[in-house]
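Work through the exercises below with the sequence and the model side by side. Try each task before you read its solution.

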Amino acid sequence: MAHTPRFRKDAVAVPEEKHPVDETLPPLKMFTSGLQHVAAMYAGVVAPPMIVGPAVGLSATETAFLMGASLFTAGLATLLQTLGFWKIGAKLPFVNGVSFAGVTPMIAIGKGEGADAIPVIFGAIIVAGAVGFFAAPYFGKLVRFFPPVVTGTVITLIGVSLLPVAFNWSQGGNRTAADYGSMKHIGMAAVTLVIVLLMRKFLRGFLQQISILLGLVAGTLIALPLGMTSFDSVKNASLVGFPTPFHFGAPQFQVAAIVSMCIVMLVCMTESTADILALGKIVGRPADAKTIEGGLRADTLGSALSPLFNGFMCSAFAQNIGLVAMTKVRSRFVVAAGGGILILLGLCPMAASVIGVVPLPVLGGAGIVLFGSVAASGIQTLAGAAMEKGENALIVAASVGIGLIPIAAPDFYHAFPKDLLVVLDSGISTGCVVAIALNLAFNHFGAQRAPAASPEPVPVH
């Protein structure tokens, strides 16, 4: 029989001490700490819609609308993670936002769909999010098929696939313009790149975390007297607005696009699983299967709901995990405050349109660092992938080689059926499929089995 402890009548009940994750801070500190998280992720949230919008033929005003919607939906997804309800949410200081992993596949969808690209993209994200939501309880069993050799390869391809976008911006963005690729444009991109690198070198703490944001501001100020900046997007933007549901039309569901985005969802879920494990260790509340399942449900539900408000697929922002480790502020309510700030920014179209003031060459210079750091994170992950094994080196070689085809030879698949091009024109999708297949062939079904390893968290945003 279990022994029930007895207490004296005069004993004073001592309230159980709250875990730092569940603590609430004074309002001012809550706001400023939340704002710091927003500053660390802001550029990563608005960059995907800035890339996808022009690529599918949206105007500057429509692209600014997409950016505001992405801020709004990132805030909603962050609240799902930090506050949660039922079995949804990791309930850790976990920031969610638009994933870079979906950018290249979405551009590939846009090539084939033209004006209808956004509804097709949104339809594919809704289905991928729903599939991921119902797969969340079982995903833990699949993580072993995503060791560092697979995740590192995919993350490297994400960064490399995005770099051509930065190079295009650095040349002016409009290939038909007379001054495209001029020394003026490339020089402005180079100046911005140097500013960002110097800030990363000499600044410390919070300022170092937002060096890309500061570099964009500095580059824009330098571009002002050169006549490279226009304030039209700010003048025409409203102070208050709401991301009208299905602003671009009802979602459309096409099989090839859905398959492509489901592959991206697998990548995002793998990244989020690794990040939840890492964050649990940092805050002193190790993540168990229930926490991972709740976190993945929040990720996937946030992604499925995001298109309703014109947003894209959401996943973890690993750079904010580094911010938690650096500041030692472990309260999930601080990050929830950051989610609230993101929602307010999304309800202010003028705030989103401010990014439209930044000249494309300035964005290009900062983008080289931003996208290059994604590729570097993938390489860092590959460093722990037991590359001394010949099989793993072969997996990386074949996957990266096939994944680079759409970049190195854009017309390589021109004779293939249109529906297949949605997947084949995305180096991330093809590289991911090849990496998973070869990992299964060499490390799981072959004579020698590699020990399962949990993928390390990497900042893919």
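Helices (H or I, at least four residues) and strands (E, at least two) are DSSP runs, numbered from the N terminus. This is a predicted model, in which local features need pLDDT of at least 70 and side-chain atom pairs count only at pLDDT 80 or more, while totals for chains, interfaces and linings use all residues. Residues are numbered from 1 along each chain as its sequence is written, and side-chain values use heavy atoms, with hydrogens and water left out.

**Exercise 1. The whole chain**

Task: State how many helices and strands the chain has, and what share of its residues count as buried.

Solution: 
- Step 1. The secondary structure comes to 19 helices and two strands.
- Step 2. Buried means under 20% relative accessible area, exposed over 50%, and partly exposed in between (1.4 Å probe, protein chains only). Of the 461 residues, 54% count as buried.

**Exercise 2. Confidence**

Task: Find which element has the lowest mean pLDDT and which the highest.

Solution: 
- Step 1. pLDDT is the predictor's confidence in each residue, from 0 to 100. Its mean over the chain is 80, and 86% of the residues reach 70 or more.
- Step 2. Helix 12 (residues 318-327) has the lowest mean among the elements, 66. Helix 6 (residues 183-202) has the highest, 91.
- Step 3. Over residues 449-453, pLDDT stays under 50.

**Exercise 3. Helix 2**

Solution: 
- Step 1. Now look at cover: 17 of the 23 residues of helix 2 are buried.
- Step 2. Gly84 follows helix 2, with a positive phi near 65°.

**Exercise 4. Thr156**

Task: Is Thr156 buried or exposed? What does its side chain reach?

Solution: 
- Step 1. Find Thr156 in helix 5 (residues 148-170).
- Step 2. Thr156 counts as buried because its relative accessibility is 11%.
- Step 3. A contact means heavy atoms within 4.5 Å. Beyond four places in sequence, Thr156 is in contact with Ala375, Gly378, Ile379 and Leu382.
- Step 4. The side chain of Thr156 also reaches the backbone oxygen of Gly152, at 2.7 Å.

**Exercise 5. Met265**

Task: Which residues is Met265 in contact with, leaving aside neighbours within four places in sequence?

Solution: 
- Step 1. Met265 is found in helix 10.
- Step 2. Its relative accessibility is 3%, so Met265 counts as buried.
- Step 3. Its contacts are Ala128, Gly129, Gly132, Thr300, Ser303 and Met313.
- Step 4. Val131 is 134 residues away along the chain, yet the C-alpha atoms of Met265 and Val131 are separated by 8.9 Å.

Key:
A polar contact is a pair of N or O atoms within 3.5 Å; within protein, one must be able to donate a hydrogen and the other to accept it, and residues adjacent in sequence count only if both atoms are side-chain atoms.
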